[in-house]
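Here's a quick tour of a protein chain with DNA strands beside it. Have a look at the picture first, then work through the notes topic by topic.

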Amino acid sequence: MSKLKFNSLINLKLTQESGQTSQAPWFCIDDDKGFSNYYELLFLNNLNNLDKLDNLDSDNLNNLPVLAKVSQNPNDLSCFELDYQLSDFECNDSYSDKEITAAVRDEISKIFNLDFDLENFYKNLIDEDDKLADSIDFCNGLRLFIARDKFECIISSICSANNSITRWTKSTSQIKSNWGFNREFILNNFSNNSNPGITKSFYGFPKLSELADKDLKSCGVGYREDYMKKSEDLLLNEIDIDEIDNMSYDEAFETISKLPGVGPKVADCILLYGYGFMEAFPSDVWIKRIVSYLYFDGKEISAKKTRDFGMEHFGENAGYAQLYLFHYARKSGLMDKLKK
DNA sequence: CATCAGGCCCTCA
DNA sequence: TGAGGGCCTGAT
């Protein structure tokens with residue numbers, strides 16, 4: 001297998017660490033060449049005839065687990081590299097490298113939303129609304145970080161409510177390592193051999209059926225455990241996770257809002273980061289602050305009004321506008337300065 | 001020991 | 001239809 005190069009503008013580190021609730025950031029090693037290397041276990045479900053693999057776990061007949069590695073030189077955001085390896089357990093002679101490579105490439109392209117034309121977004125939005133110029137400048141290369149697993153996104157989004165980023169990422173990581181599908185890899189088994197020989201386990205997020213009887217409170221989710229359990233019941237019996245892909249945004253919002261623990265903000269996070277509904281505008285306290293400052297002359301506005309404004313003003317780019325405004329509001333120091 | 005952190009749910013006008 | 005209180009938990 002050989003490395004693949006993607007020629008797309010992206011800031012991998014920023015995208016990974018911007019707190020999007022699709023998933024916790026991937027395992028990262030910054031190597032001695034200054035590259036950031038991110039690793040995660042992905043499950044390929046877009047190969048043909050997966051039943052050719054007779055040594056897969058019965059639970060995972062429909063997915064081929066692969067450890068993906070994406071690497072970027074932080075000084076060159078115009079491209080990044082992808083590498084991958086199968087676990088020894090899944091060594092197969094049913095698929096060519098070419099088939100698997102294509103499937104991994106597609107999955108990475110989906111997760112980092114590479115089909116989205118970022119340069120065009122910058123150009124059009126600045127022309128239209130110069131209030132976004134500072135955010136775009138501050139967040140150059142930031143992209144949506146789309147879920148590798150929609151159920152994981154739903155649980156981590158519920159977990160994020162009234163919570164800190166460090167805490168919800170810790171909780172979801174713990175749920176994975178406690179009960180998720182597990183494979184071990186040696187990290188220097190990649191073609192460039194640039195990393196130390198670390199052996200490490202990687203995990204998938206547990207399936208809906210696997211999580212039902214587990215003690216989630218032991219992972220620090222607190223009172224949100226009730227929400228998660230009740231949502232799991234609904235997802236088992238009433239709401240089909242995959243059916244939401246076929247809905248309009250409004251219908252999807254209404255449907256996902258039926259889940260306990262899912263209010264307007266969490267619903268929009270799930271729809272944006274989990275399903276890629278680009279017209280969603282998740283409105284939390286940071287978005288309220290920055291929208292109030294930029295568009296309402298500093299006057300305090302409700303979350304609902306913030307959401308209505310964002311969706312109306314940014315239309316099909318609302319999701320990206322939110323992503324940029326959110327990160328700019330939190331990290332630029334602007335809001336801290338305003339408090340004083 | 002308070003207070004706070006990327007809201008939601010419930011109650012009560 | 002909206003305002004306000006309570007809430008697991010870990011960090012400071």
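Let's start with the DNA: α10 provides four residues, the largest share of the surface near DNA strand B. This is a predicted model, where local features need pLDDT of at least 70, side-chain atom pairs count only at pLDDT 80 or more, and totals for chains, interfaces and linings use all residues. Residues are numbered from 1 along each chain as its sequence is written, while chains are lettered from A and ligands numbered from 1 in the order in which they are written.

**Around the DNA**

- DNA strand B has 18 residues around it, and the closest are Gly-19, Ala-161, Asn-162, Gly-263 and Val-266. A residue is near a molecule or strand if its C-beta atom, placed from the backbone, lies within 6 Å of it.
- Helices (H or I, at least four residues) and strands (E, at least two) are DSSP runs, numbered from the N terminus.
- By class, the surface near DNA strand B has nine nonpolar, seven polar and two charged residues. Here Ala, Val, Leu, Ile, Met, Phe, Trp, Tyr, Cys and Pro count as nonpolar, Asp, Glu, Lys and Arg as charged, and the others, Gly among them, as polar.
- Which residues are around DNA strand C? They are Asn-162, Arg-167, Lys-217, Gly-220, Gly-222, Tyr-223 and Ser-302.
- The surface near DNA strand C splits into one nonpolar, four polar and two charged residues.

**Two domains**

- Chain A is assigned domain 1 (4-274) and domain 2 (285-339); such bounds come from an automatic or database domain assignment.
- The C-alpha centres of domain 1 and domain 2 are 25 Å apart.
- Where they touch, domain 1 brings 15 residues and domain 2 brings 14 residues. Two residues are in contact if their C-beta atoms, placed from the backbone, lie within 7 Å.
- On the side of domain 1 that touches domain 2, α3 (118-128), α4 (133-138) and α10 each supply at least two residues, and α4 gives the most, with four residues.
- That side of domain 1 has ten nonpolar, two polar and three charged residues.

**The sheet**

- Five strands make an open sheet in the order β1-β5-β4-β3-β2, with antiparallel pairing. Two strands pair if DSSP finds at least two bridges between them.
- At the edges sit β1 and β2 (27-30), each pairing on one side only.
- From one strand to the next, the twist averages 30 degrees. Axes are lines fitted to C-alpha atoms, for helices over the stretch in contact, and angles run from 0 to 180 degrees between N-to-C directions.
- Three bridges link β1 (residues 4-6) with β5 (residues 80-86); Phe-6 has Phe-80 as its bridge partner, and Leu-4 stands opposite Leu-82.
- Six bridges hold the antiparallel pair β4 (residues 64-72) and β5, with Ser-71 partnered by Glu-81.
- Helix α2 (residues 97-111) lies across β1, β3 (36-44), β4 and β5, at about 110 degrees to β3.

**A helix pair**

- The axes of α11 and α13 (residues 318-331) come within 9 Å and cross at roughly 90 degrees.
- So α11 and α13 are roughly perpendicular to each other (angles under 35 degrees count as roughly parallel, over 145 as roughly antiparallel, 65 to 115 as roughly perpendicular and the rest as oblique).
- Residues making this contact include Trp-286 and Ile-290 of α11 and Leu-325 and Phe-326 of α13.
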